[in-house]
Amino acid sequence: MLLTIDVGNTHTVLGLFEGEDVIEHWRLATDARRTADEIAVVLQGLLSQSPLLKGADIDGIAICSTVPSVLNEMREMCRRYYGDVTAVIVEPGIRTGVPVRMDNPKEVGSDRIVNALAAIDQYGGPCVIVDFGTATSFDAVSAKGEYVGAVTAPGIEISVDALAAAGAQLHKVELVRPRSVIAKNTVEALQAGIIYGFAGQVDGIVERMTAELADDPDEVTVVATGGHAALVVGESRSIDVHEPWLTLIGLRLIYHRNTA
């Protein structure tokens with residue numbers, strides 16, 4: 001089985017593949033202070049508690065990370081606790097098959113390249129990937145499978161935290177769809193602003209990106225992923241596909257490209 005690990009700024013998502021299928025998954029808070037030994041304890045605890053994995057062996061690990069300190073500890077964890085398992089870490093020198101057409105390709109986060117590979121493999125190009133993470137990122141991939149550009153906006157969680165911190169009579173609310181757009185109380189007013197506000201942002205940015213990406217914008221597939229995608233997908237006019245495991249799928253593809 002292949003263990004895939006996507007380390008984001010806020011959350012770390014782990015998925016276990018049997019063939020091409022995700023058979024088990026977990027979501028953890030990313031903690032930059034956690035050591036390699038602590039990561040190993042958490043990981044082994046998750047694996048041992050899953051009823052699907054009794055007697056199963058990990059025969060490969062694929063990792064990408066946007067947090068350098070965590071990546072260092074992940075690398076050490078693989079060395080100390082899974083030394084006999086082939087580990088592929090997405091970093092310079094790893095074959096992804098995605099040409100990066102940016103002014104400085106080194107600025108592009110590894111997770112965004114991984115997402116681009118998965119989107120092209122699953123849906124073809126051109127495409128736009130909307131990743132609802134700490135930031136809401138929009139990645140443009142050409143018909144040739146090239147990573148050609150991006151848009152980055154504040155994420156849902158960051159925006160909610162900032163609003164609660166700045167408003168004396170405002171507070172964090174449960175992120176669910178309110179009864180109507182025109183709210184009758186403060187909680188639902190905040191929920192409407194968050195859900196419909198971000199859906200409008202997505203539609204506006206995607207419309208401009210697809211117009212630049214293809215002569216016929218209808219040819220562009222818009223793929224949503226990330227922890228908060230489910231909040232917005234149902235309210236957005238522009239999202240075609242919701243794939244929560246897009247990054248994990250990309251990690252699986254990169255693992256096999258580099259170990260075949």
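Me: Buried means under 20% relative accessible area, exposed over 50%, and partly exposed in between (1.4 Å probe, protein chains only). Is Glu24 buried or exposed?

Reply: The model is predicted, so local features need pLDDT of at least 70 and side-chain atom pairs count only at pLDDT 80 or more, while totals for chains, interfaces and linings use all residues. Residues are numbered from 1 along each chain as its sequence is written, and side-chain values use heavy atoms, without hydrogens and water. Glu24 sits in strand β3, strands (E, at least two residues) and helices (H or I, at least four) being DSSP runs numbered from the N terminus. Because its relative accessibility is 15%, Glu24 counts as buried.

Me: Which residue's side chain makes a polar contact of 2.5 Å with that of Glu24?

Reply: Apart from neighbours within four places in sequence, Glu24 is in contact (heavy atoms within 4.5 Å) with Leu14, Gly15, Leu16, Ser50, Leu52 and Leu53. A polar contact is a pair of N or O atoms within 3.5 Å, one able to donate a hydrogen and the other to accept it, and residues adjacent in sequence count only if both atoms are side-chain atoms. The side chain joined to that of Glu24 at 2.5 Å belongs to Ser50.

Me: Which residue does UniProt list as "active site", and is it buried or exposed?

Reply: The unreviewed entry lists Asp111; such annotations use the numbering here, have shortened feature names, and may be inferred rather than shown by experiment. Asp111 lies in helix α3 and touches Asp6, Cys64, Thr66 and Asp131, residues up to four places away in sequence not counted. With a relative accessibility of 15%, the listed residue, Asp111, is buried.

Me: Of Ser110 and Thr186, which is partly exposed?

Reply: Ser110 lies in helix α3 (residues 110–123) and is buried because its relative accessible area is 14%. Helix α5 (residues 186–213) holds Thr186. At 42% relative accessibility, the residue that counts as partly exposed is Thr186.

Me: Which element gives the most to the lining of the largest cavity?

Reply: A cavity is a set of points on a 1 Å grid over the protein atoms alone where a 1.4 Å probe fits but cannot get out, and lining residues have an atom within 4 Å of a point. Points are joined across faces, edges and corners, and volume is the space filled by probe spheres set on them; two cavities reach 30 Å³ or more, and the largest has about 160 Å³. Its lining has 15 residues, with Thr12, Leu28, Arg34, Ile39 and Met74 closest to the centre, and β2 (11–18), β3 (21–29), α1 (36–49) and α2 (68–81) each give two or more. With four residues, the element that gives the most is α1.

Me: What is the C-alpha separation of Asp84 and Ile58?

Reply: Asp84 is in the loop between α2 and β5 (86–89) and is exposed, at 72% relative accessible area. Asp84 and Ile58 are 26 residues apart along the chain, and the distance between their C-alpha atoms is 10.0 Å.

Key
1 Å grid on protein atoms, 1.4 Å probe; cavity = no way out; pocket = protein on both sides within 12 Å on 5 of 7 lines; lining within 4 Å.
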